[in-house]
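Dear colleague,

Please find the structure for your review directly below. My notes on it follow.

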Amino acid sequence: MQAWYRSRALYDAVMKLVKAGRFEEALKLASGIPDGNVRSKAMTGIAVEMARSGVDYREALERAIETALETKSSIKNLMGLAFEFMELEKFEDALYIAEHITDLPNRSKVQAEVALRLARRGELERAMKLIEDILDEDVKTWATSMLASEL
């Protein structure tokens, strides 16, 4: 329990550094967070804020993915990261993150959501291609149905 409280305190410090735009310091501090899920959440927050700020976030994104993969909740953490990047309309990054999700239905859900968001932006051909490439048949059917209802 002690490690969790220490992790929360470090997380709060990391997020203050992020808000101040001190990303390199935040990355270093986040690396030392003992709890894997809290560390993953911190790395996600750093990568997202760096992307939002318009600075080079590639290294932070890679570290966020690596950190998520080290946790027992890797699928949940990677999906959260992917959806954060979707919110920023960084669809290629969301798809890249999805490649690291080992659970096929959840990877497919990320791909489907990217496709639907692209369709809403008028990129119908690209959306259809993404849906065609979805391997989970149930998710593919759901995405196709959702796409049809939005047209």
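In what follows, a contact means that heavy atoms lie within 4.5 Å. The structure is a predicted model, in which local features need pLDDT of at least 70 and side-chain atom pairs count only at pLDDT 80 or more, whereas totals for chains, interfaces and linings use all residues. Residues are numbered from 1 along each chain as its sequence is written, and side-chain values use heavy atoms, with hydrogens and water left out.

Overall architecture

The chain has nine helices and zero strands, with helices (H or I, at least four residues) and strands (E, at least two) taken as DSSP runs numbered from the N terminus. The C-alpha trace spans about 50 × 30 × 20 Å along its principal axes. Of the 151 residues, 45% count as buried; buried means under 20% relative accessible area, exposed over 50%, and partly exposed in between (1.4 Å probe, protein chains only). Among contacts with a separation of 6 or more, 55% are between residues 24 or more positions apart. The chain exposes about 8,200 Å², of which carbon and sulfur atoms supply 51%; accessible areas come from the Shrake-Rupley method with a 1.4 Å probe, and for residues only the protein chains shown count as cover.

The nonpolar core

A nonpolar core is here a set of buried Ala, Val, Leu, Ile, Met, Phe, Trp, Tyr and Cys residues joined through side-chain atoms within 4.5 Å. The largest one has 51 residues, of which Val14, Ile33, Ile46, Phe85, Ile97 and Val114 touch the most other members. Helix 3 (residues 36-53) gives the most to this core, with eight residues. Beyond its neighbours within four places in sequence, valine 14 is in contact with Ala26, Leu29, Ala30, Ile33, Ala42 and Ile46.

Two buried serines

Serine 7 lies in helix 1 and is buried, at 0% relative accessibility. A polar atom of the serine 7 side chain lies 2.7 Å from the backbone oxygen of alanine 3. Not counting residues up to four places away in sequence, serine 7 touches Ile33, Pro34, Asp35 and Val38.

Serine 40 belongs to helix 3 and is likewise buried, with a relative accessible area of 1%. With residues up to four places away in sequence again excluded, serine 40 touches Thr67, Ala68, Thr71 and Asn77.

Isoleucine 131 is part of helix 8 (residues 124-133) and is buried, at 3% relative accessible area. Leaving aside neighbours within four places, isoleucine 131 is in contact with Ala115, Lys140, Ala143, Thr144 and Leu147. From C-alpha to C-alpha, isoleucine 131 and alanine 143 are 6.8 Å apart in space and 12 residues apart in sequence.

Surface and loop features

Met1, Trp4 and Tyr5 form a nonpolar patch on the surface, with about 400 Å² of accessible area together. Tyrosine 5 lies in helix 1 (residues 2-19). Patches are made of residues with over 30% relative accessible area and no salt bridge, with nonpolar side chains (Val, Leu, Ile, Met, Phe, Trp, Tyr) joined within 5 Å and like charges within 9 Å; a salt bridge is a side-chain nitrogen of Lys or Arg within 4 Å of a carboxyl oxygen of Asp or Glu.

Glutamate 89 lies in the loop between helix 5 (74-87) and helix 6 (91-98). Its phi is near 60°, a positive value in a residue other than glycine. At 48% relative accessibility, glutamate 89 counts as partly exposed.

With kind regards

Notes
Polar contact = N/O pair within 3.5 Å; in protein donor to acceptor, adjacent residues only side chain to side chain.
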